[in-house]
Amino acid sequence: SFAGKGTDTKYFGLNANTNSGARSQVQVLYYNNENDKAISLKTKQGEEVIIAMTNKMKNFTQIYDKITTESQNFKGNKELRDAEELKIPNLNIETEKEFTDLENKKFEDANGSELQLNKVVQAINFTLDKTGGQVVSETGIEAERNAEPVQEEIRNFSFDKEFVVFIREEGKTLPYFALNVSDIEDFQ
């Protein structure tokens with residue numbers, strides 16, 4: 001099960017009708033149903049965190065391609081509305097990524113001396129919770145919106161079963177980190 005062996009899973013997010021500036025900083029990338037959706041958060045470290053749940057978990061490339069395509073074609077509301085809740089489990093990720101394709105390659109330094117890379121490792125230490133993953137505060141002028149139709153569905157943005165996380169630098173096209181969360185106990 002998602003919560004592991006009876007783990008008391010800790011979540012953060014926004015309750016319905018919470019008057020919070022953070023609500024406007026959550027971007028809905030797409031929403032097909034409660035099991036097929038993606039959102040984007042900006043952290044105060046200048047990273048963009050994409051969280052997605054999809055009906056058919058495939059490899060990361062296929063999932064990321066799906067997110068890109070679906071978000072470009074999504075015609076629904078890209079804002080988290082007042083009546084909609086956001087529920088994301090706290091994540092604590094400490095890992096290393098080894099770039100084997102760069103190992104044993106020869107380069108020249110600024111002085112023309114030859115260097116060889118024996119091992120290239122990127123340490124990733126990332127916390128996503130209400131403080132560490134706090135969305136960036138933005139200021140801006142917002143145009144007045146027309147009232148939304150009353151019959152619009154209340155979408156479910158709870159990430160309380162298997163989901164995928166992508167992290168990319170703000171302004172970049174491709175993520176530098178991907179993680180499939182199937183047992184939350186491993187990440188809390």
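Here come a few questions with worked answers.

This is a predicted model, so local features need pLDDT of at least 70 and side-chain atom pairs pLDDT 80 or more, while totals for chains, interfaces and linings use all residues. Residues count from 1 along each chain as its sequence is written, and side-chain values use heavy atoms, without hydrogens and water.

Q: In what order do the 3 strands of the open sheet run?
A: Strands here are DSSP runs of E, at least two residues, and helices are runs of H or I, at least four, numbered from the N terminus. Two strands pair if DSSP finds at least two bridges between them. β1 (11-14) and β10 (157-158) each have a single partner, so both stand at the edges. The pairing is mixed, and the order is β1-β5-β10.

Q: Which ring does the charged end of Lys87 sit over?
A: A charge sits over a ring if NZ of Lys or CZ of Arg is within 6 Å of the centre and within 35 degrees of the ring normal. For Lys87 the distance is 4.5 Å, and the ring belongs to Tyr11.

Q: What kind of pair do Phe60 and Phe166 form?
A: Rings of Phe, Tyr and Trp (six-membered ring) pair with centres within 6.5 Å; planes under 30 degrees apart are stacked, over 60 edge-to-face, the rest tilted. Here the centres are 6.0 Å apart and the planes at 80 degrees, so the pair is edge-to-face.
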